[in-house]
Each structure stands twice: as structure tokens, then as C-alpha cells.
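User: Please go through the strand pairing and the helix packing of this model, giving the cut-offs behind each term.

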Amino acid sequence: MKLSVPIYDLSTFEQYKNQGVYIGQFGAYSKRYSHLHAVHGHSFYHMVYFSKGNGIQHIDFKPFEIKPGQVYFMIPGQVHITTEPEGYIVNFSKEYFSSLLLKTDYLEKFSFFKGPAYQQVFEIEPPTADKLTDLFEEILKEGALRKLFQDDLVKILLLQLFMYINRTHFISDSAISNPYNHTLLKNFQSLIDVNFTALKFPKQYAALLHITPNHLNALCKDLINKSAGELIRERIILEAKRMLINIDYSVAEIAGKLNFTDLSYFIKFFKKYEEVTPEKFRKFNT
């Protein structure tokens, strides 16, 4: 029987006092759940803060060197390999904050909860790192108690932690010279995530954004030094990689799911940008 790359949900782990969240020391977590050292995915949000250790962390097939003071985030659907440095871990469901926050899209304020991988890994400077450590320790202490508002207080502390990280590493809207273009870029990336199997050309997205293809391409080049077409292709290839490590799917089935009507064209498309065929990529990564 063929095996698939596992996708874990929060029921996999010992819960932190209530449903919807797991918070703990990363070293103990990594040793206890040693099966996570193989490629896997999550159905929940995932955050790790490394306090010591080294090694390589892979997120959506991109390697990142682990350093003390580094934090990384993952969103549902991404895949990675877990390593064993020390630090803190937070896993929480998509619905975890819904009982506290009226705005269902509040987490989208934090860029690291939207991907891509290169925007989800960064180093924390010492003053903020100390604040993060204090917040994690306060959260863990709160988790050992059974007091009024304990669950809501944990949520508030987590949101405070996210705010400190976001404040340190991301430019506020008021500091951006052209916030309209930044908003357009975010909307474009969100549209790609929803429509990449059906819409493969910048002009299709430009029409949805009510701008010209030239404007769309220019703002992508200006803000992240990539063309609009590159962003679309990168998302298609990323999904192809995620599906290729699931060996329940044949290459032909993957091509079909990605809306390629010609298998040979899909193989050429993949090889052009990854320099290996889909089958070789699967062999190297499973």
C-alpha cells in the first residue's frame, strides 16, 4: 500500500488545558514526537522560537539555518521537517481566537501568518527576545493554573507576543510611502492562493484588481523585485512539490489537479524552473 506524507491536526498532540492550542518547550516536544523529524504538514498554525541550538530547518522545501533568537511561523497547508534545538512552540487551530476576536481576519494583520516561507523566518534582537522569553514563561505558568479567565489570558498573551514580533520586523502602514501599492500586492498574493490552479496569467489577476497588467507587474518589481508572473509560477510549483511528496498521486494526477491539460507540458514547466523532472524531485524528497 502506498504511503502519503502525513498531515497532522491538533488531536495528534497532548492538549494545553483546552482544545485548539498546544504550547510548550520545543526540545521536549521534538523528542516526544520524533515522527515529526520526517516531512509532514499541519492543519493548524505553528510557531517556534529558538533559544539555543543550531541545524537546518526546511519550510516548504526551503532550507533555513537555525540560530538562537530566531522565530519561524507556518500556516495550515505548509510542510516542513522538525529538528531538535531548544526553545518554545505554539500550535493553534484556525478557530482558536474566534471566541475572543470579533474580526475573523485579525490574524491577517500579521504578515508572517500569510507566507511565503521567506517572510516567516527571521531573527529577533536581544531586547525583544527577552520580552518573548518572558511572555512564553508567563504563558506556561498560566497553563499550570486553573483560574478564572485563564484561557482568555493565554490568548491575550499570545497576541501580545505576535504584536512584538510584527512591530520589530514589519513596516507599519503609516511608514510606507505608497500603502495603496502594498495593499494591492497583498490582495494579489491572496488571489493567487485562491485561484492559482485556474488563473495562470497576470492579466487575469490584474482584471480582478481593476488595474492594468503593466501596473501589477511594476508594483511587484518595485516592492519585492519579482514579476507578477514569477509569483504565480512559484505558487503553482510549490503546490506541485507539496503534492509530489504525497506518493498517493501520480504525476499525471498532479498535472490534472493543477489544471494542466497536457502532461508533457507540466513536466517541461516543472523542469524549467526546478531543473529536475517531477519524478526526480519525488525520488529525492520522499
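**Strand partners and a helix pair**

User: Which residue in E8 is the bridge partner of His58?

Analyst: The model is predicted, so that local features need pLDDT of at least 70 and side-chain atom pairs pLDDT 80 or more, while totals for chains, interfaces and linings use all residues. Residues are numbered from 1 along each chain as its sequence is written, and side-chain values use heavy atoms, without hydrogens or water. Strands (E, at least two residues) and helices (H or I, at least four) are DSSP runs numbered from the N terminus, and two strands pair if DSSP finds at least two bridges between them. E5 and strand E8 (residues 79–81) pair in the antiparallel sense over 2 bridges, and the E8 partner of His58 is Ile81.

User: How are H7 and H10 oriented to each other?

Analyst: Axes are lines fitted to C-alpha atoms, for helices over the stretch in contact, and angles run from 0 to 180 degrees between N-to-C directions. Helix H7 (residues 228–244) packs against helix H10 (residues 278–285) at about 55°, with the axes 9 Å apart. Angles under 35 degrees count as roughly parallel, over 145 as roughly antiparallel, 65 to 115 as roughly perpendicular and the rest as oblique. H7 and H10 are therefore oblique.
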